[in-house]
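Colleague: I have the files open now and would like to go through them with you. Could you walk me through what is in there?

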Amino acid sequence: MRWILHCDLNNFFASVEMLKNPEYRKIPMAVSGDPNKRHGIILAKNQIAKKYGIYTPETVFSALRKCPNLVLVKPHYEEYVKYSNLVNDIYLKYTDKVERFSIDEAFLDVTESINIFGTPYKIAYKIKEEIKSRYGLTISVGISFNKSLAKLGSDLKKPDAITVLDYDNYKRKIYNLPVEMLIYVGKNTKEKLNKMGIKTIGQLALSNKYRIVKHLGKLGEQIYNYANGLDNERVKFYYEKEERKSVSKGITFESDIDNVVQIEREFSKLASRVSYLLRSIDMKASIIAISFKDNMFITSSRQKRVEYTNSYDKILNAVLELLNDNYINGTKIRYICVNASGLKGNNNDNIQLDLFNIYDNKNIANDKKSSAIKAMDKLKHKYGDKVDYCSALDFKNKT
Ligand SMILES: [Mg+2]
């Protein structure tokens, strides 16, 4: 049996700002992409701000409406990276299987550490206390026999808390929770499940697997398994780098589509997912390809060279160009795919800043767009393909 910890720094960006400026502990405060512009996005908030109903990510405009006294602080990414690395160094004292999930979250496989350091709870407690006493930051820890339950556990009690979900108690502790508390159950998936009469994790666990797969595909199978405590995914080693040759994303439609605007829209979603994937593995691509399968199952594929990129706009441009050159109006499309290859690593001096998965590291503080992208990357990290940049841009246009 495995023992996995999910460690989550509480209100991380806001907590680091409060370390630097303790006055912020007494007032409603939030870190936002661009505090001077009202369409900036709230990236983190302190507990007092949370009481006003401010959430992440929401626009500064809407947050200020809820709390006119809200103090907005611009992000100090170098500081966050510094603390994140320091905290990861503490994790590494207990195991070399430390998989960073984001700037403020990591999975630890401590199965083989138990003989040396004691029970998983003891290990979690030592880690939590050491981070608190050395750096003044708190974490919440979920402990379980797999990653998805450990992740869920860290959300159950916070801040500064430990939750154990083991074989004996996990059903009792999670069955009554809303289904969207499971990792990868975003807004759309939640709505689909709710429509099927599934509101809790227990209802999902006890549902008919084939019905879930029929409605939600591969994701459905995954979350059904998670609800049933089935998840074999391993925790990667801290220094492990995956060799990727290409990344791709495809989608099969429930019914064929032949409306150009709709096809473009679907392709833009895939461009968004591919650009996110590239940023999350810290790579850029030099070949962008699209393929589509028509209702006769004939597949067309076209590709084009681009300057090394992982930006949504550039990938989208290439995709739309390929589409416009190759799609014959009226053809009914059943499946589309975007593929990025010819990859190379992001040889960037500020490589650590890529943890934030942003377009341009040099313009972080002032670049509204990159902070929006960053907030979206964070969401994508949590909710997967249910979140896309095109919707982020729609969102931006509305505000
Ligand atoms: Mg956190």
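**Loops, metal site, helix and rings**

Modeller: Let me begin with a loop: asparagine 11 lies in the loop between β1 and α1, the latter covering residues 12-20. Please keep in mind throughout that this is a predicted model.

Colleague: What is the phi of asparagine 11 like?

Modeller: The phi of asparagine 11 is near 40°, which is a positive value in a residue other than glycine. For context, most residues other than glycine have a negative phi.

Colleague: And which loop is aspartate 160 found in, and is it buried or partly exposed?

Modeller: Aspartate 160 is found in the loop between α7 and β8, and its phi is also positive, at about 55°, although the residue is not a glycine. With a relative accessibility of 28%, aspartate 160 counts as partly exposed. Proline 159 is in the loop between α7 and β8 too, and the peptide bond leading from lysine 158 to proline 159 is cis, its omega being near 0°.

Colleague: Changing topic, which residues are the protein donors of the magnesium ion?

Modeller: The protein donors are Asp8 through OD, Leu9 through its O atom and Asp104 through OD, and they lie 2.1 to 2.4 Å from the magnesium ion. Along the sequence the donor residues follow the spacing D-L-x94-D. Leucine 9 belongs to strand β1 (residues 4-9) while aspartate 104 sits in the loop between β5 (98-102) and β6 (105-109), so this pair ties together parts that are 95 residues apart in sequence.

Colleague: Are leucine 9 and aspartate 104 buried or exposed?

Modeller: Both leucine 9 and aspartate 104 are buried.

Colleague: What caps the N-terminal end, and what follows the helix?

Modeller: Asparagine 208 caps the N-terminal end of α11, with a side-chain oxygen lying 2.8 Å from the backbone nitrogen of tyrosine 210. After the helix comes glycine 229, whose phi is positive, near 70°.

Colleague: Which parts do the buried residues of α11 pack against?

Modeller: The buried residues of α11, which include Ile212, Leu216, Leu219 and Ile223, pack against α7 (147-156), α8 (170-174), α9 (187-195) and α10 (201-205).

Colleague: How many aromatic pairs does the structure hold?

Modeller: The structure holds 12 aromatic pairs. In one of them, phenylalanine 145 and tyrosine 167 have ring centres 3.7 Å apart and planes at 15°, so the pair is stacked, given that planes under 30 degrees apart count as such. Phenylalanine 145 lies in the loop between β7 (139-144) and α7, and tyrosine 167 in the loop between β8 (161-165) and α8, so the pair ties together parts 22 residues apart in sequence. Phenylalanine 145 is buried, with a relative accessible area of 4%, whereas tyrosine 167 counts as partly exposed at 49% relative accessibility. Elsewhere, ring pairs link Phe12, Phe13, Tyr77 and Tyr80 into a cluster.

Colleague: Last one, how many helices and strands does the protein chain have?

Modeller: The secondary structure of the protein chain comes to 15 helices and 13 strands, and 51% of its 399 residues count as buried. Among the chain's contacts with a separation of 6 or more, 64% come from residues 24 or more positions apart.

Key: Residues numbered from 1 in each chain as written. Predicted model: local features only at pLDDT ≥ 70, side-chain atom pairs only at ≥ 80, totals over all residues. Heavy atoms only, no water. Donors = N, O, S within 2.8 Å, 3.2 Å for Na, K, Ca; no water. Helix = DSSP H or I, 4+ residues; strand = E, 2+ residues; numbered from the N terminus. Buried < 20%, exposed > 50% of the residue type's maximum accessible area, 1.4 Å probe, protein only. Contact = heavy atoms within 4.5 Å. Polar contact = N/O pair within 3.5 Å; in protein donor to acceptor, adjacent residues only side chain to side chain. Phe/Tyr/Trp six-rings, centres within 6.5 Å; stacked < 30°, edge-to-face > 60°.
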